[in-house]
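Open the model in your viewer and keep the selection tool ready. We will go stop by stop.

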Amino acid sequence: MSIQEKMSEELQNKKIFEQARSYAYEYIDGIEEMDVFPSESSLEDMNSFDETLPKESISAKEIIEQLHEFGSPATIAQTGGRYFGFVNGGAVPVSLGVKWLSDVWDQCGGLYLTSPINAKLETVCENWLKEIFDLPKETIAGFVSGTSMANLCGLSAARFHLLKNLDWDINENGLNGAPELRIIAHDQVHASVKKTLSMLGYGKNSIEWIPSDNQGKLILEELPKLDDSCLVLLQAGNANTGSFDNFDQVCDLANEVGAWIHIDGAFGLWAAASKSLSHLTKGMEKASSWAVDGHKTLNTPYDSGVILCRHPDALISSLQATGEYIIYSDHRDPLLYTPELSKRSRAIELWATMKYLGKKGIDEMVTAFHLRAKQLEKGLEEIGFQIVNDVVFNQVLVASDNDEKTKQIIEYIQKSGECWLGGSTWQGKAVIRVSVCSWMTTENDIKKTIELFKTAEMTVPNKVGV
Ligand SMILES: *Cc1c(COP(=O)(O)O)cnc(C)c1O
């Protein structure tokens, strides 16, 4: 049988899809019981993938079997209720459902011509996101892999726009000899922002760094006088403390002089969708660009990030070599809004998630993250842990008696398989970083987590101090 005949047969008899489906169901049903982080033996079993490239085509069934047998146990239980690592969200069921269907479509999302449905749903998502975040009507959205990429798009739009206002076309003339831009950031901007700045030609030493307060927020008094060459970087949701910068006042100052404000709101921008938390994002609609993830707080599958920009020409021009607003068709061409050409049709899952939850559902889900975080804060304080941050959103920083003990507790919990959370350092102190951002996390999950902290606290040897 030729390879083509073999593949045609697989497509026709659907067995591999049935097989994948049944494994997926098994995985879903086992998510609450599985180790939240793979056991040592599951990690070792990944050695089964260390094989030489097969000479001949092998059966598809065998491949899917291997992936399930040795791959599924080596996953993180990210879609369960007790994964609190980094700021990774869960996945709303319908978003996984539409992903399956659209995976089979295998659309190239770059052009209207290569996927009309992706282009259509991008437009719908753009409008809905503007509504949820209450952004100016001229705002446009590009759908990218995550906030790192969204930051890159936003900052390159800023660079284009600010230089253009200083009579410099960066697409024509490049960076050499360009007027100097003043990039202003506080020391708590996310690593992805620093990376982006250096990719765009603005190294660490060319940034005007200003100090932040003990929650990682910009200190208004430290903000230098702004002018129209300034790009100011603000944050909605510090990756450690979850804190929010003062958008209202900084945006007013920036808008008076024509400076550009970019807000990195990877997970925090969604606070705007919660009635009880929207005070945190007050004034953010006055910025020039916003980067936000679907795959964190909104619980879409990976990967899903969005750049929102109120200056369409700047965003589009900065991402095109020509510097012109090229109209490829009468419809939306997604590639105009992103650096990529070929890309996943990720707006499909974003659309489905927003439509499924509705405004009320998004509010309920986001608010619940905060309530669970507060529950954890209270429970841990009651058993003698120190909560290092103001729990304004979904992040909780926890410390034990000393750094050594805190690190031992992290290790104990990580090895338990019952929940997973990471370590970090906050103001020189070792902390346990808990991020509540999965719709699956229940009050009971938090209770179990508090119990685990208690057991860890009693079990780990306390080498330093008494
Ligand atoms: C996660 C995160 C990013 C990076 O987003 P990705 O989607 O991982 O690329 C940027 N900024 C903040 C504040 C984040 O939490």
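Select Gly384, which follows H12 and has a positive phi, near 95 degrees. This is a predicted model: local features need pLDDT of at least 70, side-chain atom pairs count only at pLDDT 80 or more, and totals for chains, interfaces and linings use all residues. Residues are numbered from 1 along each chain as its sequence is written, and side-chain values use heavy atoms, with hydrogens and water left out.

Now select residues 347-382, helix H12. Helices (H or I, at least four residues) and strands (E, at least two) are DSSP runs, numbered from the N terminus. H12 has 36 residues, yet its end C-alpha atoms are only 43 Å apart. A straight helix would reach 52 Å at 1.5 Å a residue; the expected span is 1.5 Å times one less than the number of residues.

Where is the kink in H12 centred? Click Gly358: the kink there is about 95 degrees. The bend at a residue is the angle between axes fitted to the seven residues ending there and the seven starting there.

Next, show Phe133, Ile263, Trp270 and Phe453. They have the most contacts inside the largest nonpolar core, which has 74 residues. Such a core is a set of buried (under 20% relative accessible area, 1.4 Å probe, protein chains only) Ala, Val, Leu, Ile, Met, Phe, Trp, Tyr and Cys residues joined through side-chain atoms within 4.5 Å. H12 gives the most to this core, with 11 residues. A second, separate core of 36 residues includes Ile140 and Phe160.

Finally, zoom out. The protein chain has 14 helices and 11 strands. Its C-alpha trace spans about 70 × 60 × 45 Å along its principal axes.

Conventions. Buried < 20%, exposed > 50% of the residue type's maximum accessible area, 1.4 Å probe, protein only.
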